[in-house]
Amino acid sequence: MAPQRVVVGRLPERTALSAELAARAYRLVQITGEPGIGKTAMLTWLAGYAATQDVAVLTGTATDAPFGVLTAALTDHLCPGELRDHMSEERYRLASTVFPTLAPHTRVAPRDAERYRLHRALGSLLTAITPPGGLVLCLDDLHWADAATCDFLAHLVRQPPNAALLLVLSYRPRQLPARLADALRDTPSTRLALSPLSRAETAELAGVAADSGQAARLHEASGGNPLYAELLADQTTMDASPLDFLPSMDIPQSVASPLGRPQSVDLNPSIGKTVEARRPPTHPSTNDPIARHEPIDVRPSASEIGRASCRERV
């Protein structure tokens, strides 16, 4: 069993995310929690749910490269010719300093005096690629984000685009860079602080009986942390205590981004690009559009594994 392969519980969080998606207007959501608590898994659930609502999704994971999370999320979905029709020449030029595919032969780093204009240009780019039906932009692991990304996101949340953009940011609160933390603290948003799983939810995640002794030991050993519960369940047997495995447990340093099978969803028709959105399996036993998406298989594709960061993506 690979870590973080399913989402269990989290009904209040999933209900809140589905409501924000239904607004079809600019919305900001912050998903926070400790390592392994399920932040990436919640983003994956949202991507799958958005696909069932025919809403496009773009995702990126933060790195220490300048604007790394944005280039990861957007680069493959930009059409230079079409974007020129939706952005001023100056803003297009500035945006091309971040996305060289827009002007591969003229990339020049913006001067300090242009930084504010660059932020406005990137905001215009987001507006241009957002289709009328909405766009979900999931930016993960922002506690690893570089200074340029933090500066831009601080600008974006204070001066949001006039578009049906659902911006979802996930991070570990104690590690978030101060410049971004300050902006997010003062900005209206939906804040989802993920808490540990209950004993019953831990048992469901591990595939054991909720009233069993193993479930009790597993919950005690993991503290309700989904990643640790799955790792412990992989290395235990029905007759062994998870506590016996803690000293020798090999916790991986890299957890690949969990993404399911892609399905094309149209971006803004005037831009003419598609993005990959994930549709989770439906459960015919219920008509509830939220409940029928639990649990969800979020196994990574080969291409996503190849791009996985060396940091823990949880």
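Axes here are lines fitted to C-alpha atoms, for helices over the stretch in contact, and angles run from 0 to 180 degrees between N-to-C directions. Helices (H or I, at least four residues) and strands (E, at least two) are DSSP runs numbered from the N terminus. The structure is a predicted model, in which local features need pLDDT of at least 70 and side-chain atom pairs count only at pLDDT 80 or more, while totals for chains, interfaces and linings use all residues. Residues are numbered from 1 along each chain as its sequence is written, and side-chain values use heavy atoms, with hydrogens and water left out.

**View 1. Helix α9 packs against helix α11.** The axes of α9 (residues 199-206) and α11 (residues 226-234) lie 9 Å apart, at an angle of about 50°. That angle makes α9 oblique to α11, given that angles under 35 degrees count as roughly parallel, over 145 as roughly antiparallel, 65 to 115 as roughly perpendicular and the rest as oblique. In the contact (heavy atoms within 4.5 Å), T202, L205 and A206 of α9 meet P226, A229, E230 and A233 of α11. By class, this contact of α9 with α11 has five nonpolar, one polar and one charged residues, where Ala, Val, Leu, Ile, Met, Phe, Trp, Tyr, Cys and Pro count as nonpolar, Asp, Glu, Lys and Arg as charged, and the others, Gly among them, as polar.

**View 2. Helix α9 also packs against helix α10.** With α10 (residues 213-222), α9 forms an angle of about 105°, and the two axes are 9 Å apart, which means that α9 is roughly perpendicular to α10. R199, T202, A203 and A206 of α9 make the contact with A215, A216, L218, H219 and S222 of α10. These residues divide into five nonpolar, three polar and one charged.

**View 3. Helices α7 and α8 run roughly parallel to each other.** The axes of α7 (residues 147-158) and α8 (residues 178-185) come within 8 Å and cross at roughly 10°. On the α7 side, A147, C150, D151, L153, A154, V157 and R158 meet R179, L180, D182, A183 and L184 in α8. The residues of this contact divide into eight nonpolar, no polar and four charged.

**View 4. Five strands form an open sheet with parallel pairing.** The strand order is β2-β3-β4-β1-β5, and two strands pair if DSSP finds at least two bridges between them. The edge strands β2 (56-61) and β5 (190-193) each pair on one side only. Neighbouring strands of the sheet are turned by 15° against each other on average, direction ignored. Strand β1 (residues 27-32) is joined to β5 by four bridges, and the bridge partner of I31 is L192 in β5.

**View 5. W45 and Y49 form a stacked ring pair.** Their ring centres are 5.1 Å apart and their planes are at 5°; rings of Phe, Tyr and Trp (its six-membered ring) pair if their centres lie within 6.5 Å, and planes under 30 degrees apart count as stacked, over 60 as edge-to-face and the rest as tilted. Because W45 and Y49 are four residues apart in helix α2 (residues 39-52), they are separated by about one helical turn.
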